[in-house]
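Subject: Structure handover

Hi,

Here is the structure we talked about.

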Amino acid sequence: MGQLIGTLQEPNYSRSLPPELWLHCLSFLVVEDLLTLSSTCRSFRFICKDLLFKHITTTIPYKRTIRHIFQPRHEDVVRIARARRLLLRLHALQSDSDAREVLGLVETWNIKTFGSPAPLEESEIMQSYDKISFPFVQPSISIFLILPSCRNLRVLSISDIHMEEEHWSALVRLPKLECLYMERCNLSSTDKAMKLKVVSITYETHRGPTLVPPPTTQLISSLFNLRHLERLTLLDLNFSDSFLLGLVQVGQFENLKHLSVVVPETHMDTLFAFLSRTPSLASLTISNFSTMAKPSKPILQSVVSNLVAYDGFPTLIPILFPGRPVSTICLRMNHKTDPQASLGDPFGVHNNNVVCKALDACSASTRLVHDLMLSPFHPTPDSMQDIARIHPDLRHLRLDILRTPNINMGVDVEEPMSLIMDMLADNVEVRDSDNFSLHSLFLISGFLNWIANGHLPLPAKLETLHLHYYQKAVTVCGDAAKQRPLVPKISAAYPALHEIEMGTTRWWREGDCWSHEVLTRTQL
């Protein structure tokens, strides 16, 4: 970085390229380097200003209620100091007329929280401050007071904020606001109509009794605009039923193209009633926490007739796929083993028969399936043979491999432990046995070995293969020395294949040459 700044300090160097080209080049720098570069000259200060203030993240320090009953610890003292600094900055933005120019550059604002969502008290923050010249306002409210000055703000993400009338009023005054993401926010009713294209509401189950009333029809009609809404995410485990019922009453969403929703028990019919009011819907995602029930009534062919992508349980495939152009599929293969238990406790993975039936049912689509994802999945020679046989035109395949046995995986508990350990080894040798085709693989390295040796088939036209471990944020498969001799063997058997991704490891082909890279967390 020092050499770069030294070079850029030459006379008129900043004028050697157009400003938009500088913006593209400098967009690869981190914030610290942008701050350093902006201090070198006026030209770079002007250029870097757009990048520095285009995306803002503000963290609101909250206190931990239980800890503050006793003597505050070091973390609490630091949290109070952060709240003071934040309040001073927000007050400066409100009182400084020149700050409007900076706020006009903001396009994305992410408002996070630090600590449990219990606001710090005025007495904790306002020590040694004059209340006349510096009036106290909670930081969460101060931010919304200056938001209307962000005339170019397009994307707003907020978490752990009780949305009341003054908050909604601030959002309505944002002329270019298109995307609103709310996580763990309590929503009060409002009559302020908004023209949002993207709305996301996520909320995990409350730990205690819910004190917030369910969303009203007035709130739903104000928040979800019939003509403008294009993408909707409803993953509120408390009030999804209320949202779905309200959406059905609001009317027809002509431009809604993407829907991601959690469907509570007994509300599958409500979902399909809403789907009948979304003629342009192209992508449907049904959360893992949804009911696995089917609608009680037949579904008209006109419902979601333009559906292209589906992500959900295989139970809805025979209902959604016939006569519709679905070509991108993600099948959630986990299911409840106890009808009275919540999903995932306990859970099993569907066996090969269910997988085969689901893949067969996908063939009812009017388009060839090009993208397929199975999650979670126990790969066996039989199941991989079914994928290659039923969908020979598949282009992209992703498998989320479950590493541990479950009650439906088909391994006999009386089988010798040595054979089970063989299946967990990197180099799994083929055994001459009648039930070899039913053996599951749990390691990506063993899966790659079997493909290279011809024991696991792939679709002939496959172009990309992505392998990950189920429910692991980062899948580490970094033994490039073992992978290097296997990749050319796989490429020779499947000439269309040009990319193999195994968690943090990616192989890609240009011509006949394969290259290797280790992906960072942001690239995954």
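The model is predicted, so local features need pLDDT of at least 70, side-chain atom pairs count only at pLDDT 80 or more, and totals for chains, interfaces and linings use all residues. Numbering starts from 1 along each chain as its sequence is written, and side-chain values use heavy atoms, without hydrogens or water.

The axes of H3 (residues 31–38) and H4 (residues 42–52) come within 8 Å and cross at roughly 155°. The two helices are therefore roughly antiparallel (over 145 degrees). H3 brings Val31, Leu34, Leu35, Leu37 and Ser38 to the contact, and H4 brings Phe44, Arg45, Cys48, Leu51 and Leu52 (contact: heavy atoms within 4.5 Å). By class, that is eight nonpolar, one polar and one charged residues.

Next, H14 (residues 352–362) and H15 (residues 381–390). Their axes lie 10 Å apart, at an angle of about 10°. That makes H14 roughly parallel to H15 (under 35 degrees). On the H14 side are Asn352, Cys356, Leu359 and Asp360; on the H15 side are Asp382, Ser383, Asp386, Ile387, Arg389 and Ile390. This contact has four nonpolar, two polar and four charged residues.

Now the cysteines. The structure holds zero disulfides (sulfur pairs within 2.5 Å). Cysteine 150 counts as buried, at 0% relative accessibility (buried: under 20% relative accessible area, 1.4 Å probe, protein chains only). Cysteine 362 also counts as buried, at 1%.

Best wishes

Notes
Axes fitted to C-alpha atoms, helices over the stretch in contact; angles between N-to-C directions. Helix = DSSP H or I, 4+ residues; strand = E, 2+ residues; numbered from the N terminus. Parallel < 35°, antiparallel > 145°, perpendicular 65-115°, else oblique. Nonpolar A, V, L, I, M, F, W, Y, C, P; charged D, E, K, R; others polar. Buried < 20%, exposed > 50% of the residue type's maximum accessible area, 1.4 Å probe, protein only.
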